[in-house]
Amino acid sequence: GATIGILGGGQLGRMLSVAAARLGFSSHIYEPGANPPAAQVAAQVTSADYTDEQALRRFARSVDVITYEFENIPTEALDILEEDRPIHPGREALRVSQDRLTEKTFLQALGLKTAPFADIDSLDSLEAALKTIGTPSILKSRRFGYDGKGQVRLRDPGEAKRAFSEMFGAPSILEGFVDFQREVSVIAARGLNGEVACFDPGENVHRDGILHTTTVPARLSGAQRADAVLLAGQILNALDYVGVLGVELFVTGEGLVVNEIAPRVHNSGHWTQNGCTVDQFEQHIRAITGWPLGDGRRHLDVVMENLIGDAVETAQDLAREPGTALHLYGKAEVKPGRKMGHVNRITGPAGGS
Ligand code: ATP
Ligand code: MG
Ligand code: MG
């Protein structure tokens with residue numbers, strides 16, 4: 001079978017490798033860090049930096065197709081890799097999603113709703129933006145943020161100076177606070193031939209900026225569910241996308257507001273491992289290898305809960321719970337805020353949607 005090259009050896013790379021193996025593919029992980037979770041399951045691992053041109057070329061030539069588990073891969077590395085092998089999802093998806101300013105501009109150009117936002121590059125620009133966007137609002141670094149990192153909340157325009165200094169000069173955007181009823185996400189896939197398939201939207205609850213649970217079915221009306229799936233398809237087509245995409249949405253009285261998109265498998269799609277015949281990881285592997293997309297219909301109601309930091313110490317107890325599927329990432333060191341695993345609790349046969 002073919003070899004899948006995966007940039008990044010975290011839990012997402014690990015679960016992609018497992019899905020690839022089930023379809024008879026082998027995987028080759030590229031990861032600068034030592035002992036990545038994916039190394040325990042992949043056939044091959046390259047431990048090198050994204051600046052190591054020779055290592056990048058050898059990696060590319062050893063695989064048939066390249067994908068990734070995170071969106072912050074340096075452009076220069078992508079340029080080198082792309083000389084030898086296709087990268088899916090493609091460069092446009094990465095360009096758009098690596099930068100919150102580009103991302104929101106792209107989404108608005110598609111006619112989708114986002115939080116009001118402004119480009120911030122100085123204290124003056126922040127003070128000016130606060131006059132139109134107001135408070136509460138959130139100052140977010142344009143690049144590299146995840147799990148709520150690189151964000152400062154403002155309750156009052158008087159906090160501008162403090163908030164600006166907390167960003168240490170990073171190019172940022174100011175976002176108006178969206179008064180949402182709930183947060184949902186759509187995990188969507190598009191194949192090499194343009195076919196599109198979406199998983200049922202999940203409802204997400206965050207704790208301390210980190211995803212805590214995803215529940216399916218989400219509490220959405222039929223119209224909201226249709227809107228969510230249609231807008232995800234619109235984004236996929238606009239990017240000529242190949243692979244799985246995560247779309248985070250705020251549900252408001254005035255319709256769905258897009259928070260952000262992730263050009264990869266997504267934590268809020270982990271429920272599909274136990275709720276669907278074909279899960280998001282297999283769907284991604286199918287898409288990037290030109291296979292037909294699989295049947296992602298939901299057969300069960302599921303609550304996915306992340307095991308963060310020492311919550312993983314309850315694993316033995318969870319293993320005893322009926323209807324509970326445990327997924328551990330094999331990370332040796334427990335750290336606060338670190339995603340160590342997740343559980344999918346089956347709460348019933350598919351209902352609701
Ligand atoms: P992720 O780990 O999902 O990539 P992130 O660091 O990119 O997270 P966001 O998704 O932008 O951060 O924000 C994290 C959470 O903060 C959101 O899921 C939401 O709960 C809240 N949030 C972010 N932006 C807004 C907003 N404009 N209005 C209201 N809540 C917001
Ligand atoms: Mg994000
Ligand atoms: Mg997010």
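## A proline in a loop

Let's start with one residue: Pro-89 is found in the loop between helix 3 and helix 4 (91–97). Helices here are DSSP runs of H or I with at least four residues, strands are runs of E with at least two, and both are numbered from the N terminus. Pro-89 is joined to His-88 by a cis peptide bond, with omega about -10°.

This is a predicted model, where local features need pLDDT of at least 70 and side-chain atom pairs count only at pLDDT 80 or more, while totals for chains, interfaces and linings use all residues. Residues are numbered from 1 along each chain as its sequence is written, and chains are lettered from A and ligands numbered from 1 in the order in which they are written.

You'll find Pro-217 in the loop between strand 12 (210–216) and helix 8 (222–238).

Asn-35 isn't a glycine, yet its phi is positive, near 45°. Look for Asn-35 in the loop between strand 2 (26–30) and strand 3 (44–46).

## Three domains

The protein chain splits into domain 1 (3–87), domain 2 (116–176) and domain 3 (182–349); these bounds come from an automatic or database domain assignment. Taken over C-alpha atoms, the centres of domain 1 and domain 3 are 22 Å apart. The two do touch: 21 residues of domain 1 are in contact with 16 residues of domain 3, where contact means that C-beta atoms, placed from the backbone, lie within 7 Å.

On the domain 1 side, helix 1 (11–22) and strand 4 (65–68) are the elements that give two or more residues. Helix 1 provides the largest share, nine residues. By class, that side has 13 nonpolar, four polar and four charged residues. (Ala, Val, Leu, Ile, Met, Phe, Trp, Tyr, Cys and Pro count as nonpolar, Asp, Glu, Lys and Arg as charged, and the others, Gly among them, as polar.)

## Two helices side by side

Now find helix 2 (residues 53–61) and helix 3 (residues 75–84), which pack at an angle of about 35° with their axes 9 Å apart. Axes are lines fitted to C-alpha atoms, for helices over the stretch in contact, and angles run from 0 to 180 degrees between N-to-C directions.

Helix 2 brings Glu-53, Leu-56, Arg-57, Ala-60 and Arg-61 to meet Ala-77, Ile-80, Leu-81 and Asp-84 of helix 3. That contact has five nonpolar, no polar and four charged residues.

## Around the ligand

Which residues are closest to ligand 1? They are Ala-115, Tyr-146, Glu-175, Phe-177 and Val-178, out of 16 that surround ligand 1; a residue is near if its C-beta atom, placed from the backbone, lies within 6 Å. This shell has five nonpolar, five polar and six charged residues. Ligand 1 lies between domain 2 and domain 3, because both give residues to the shell.
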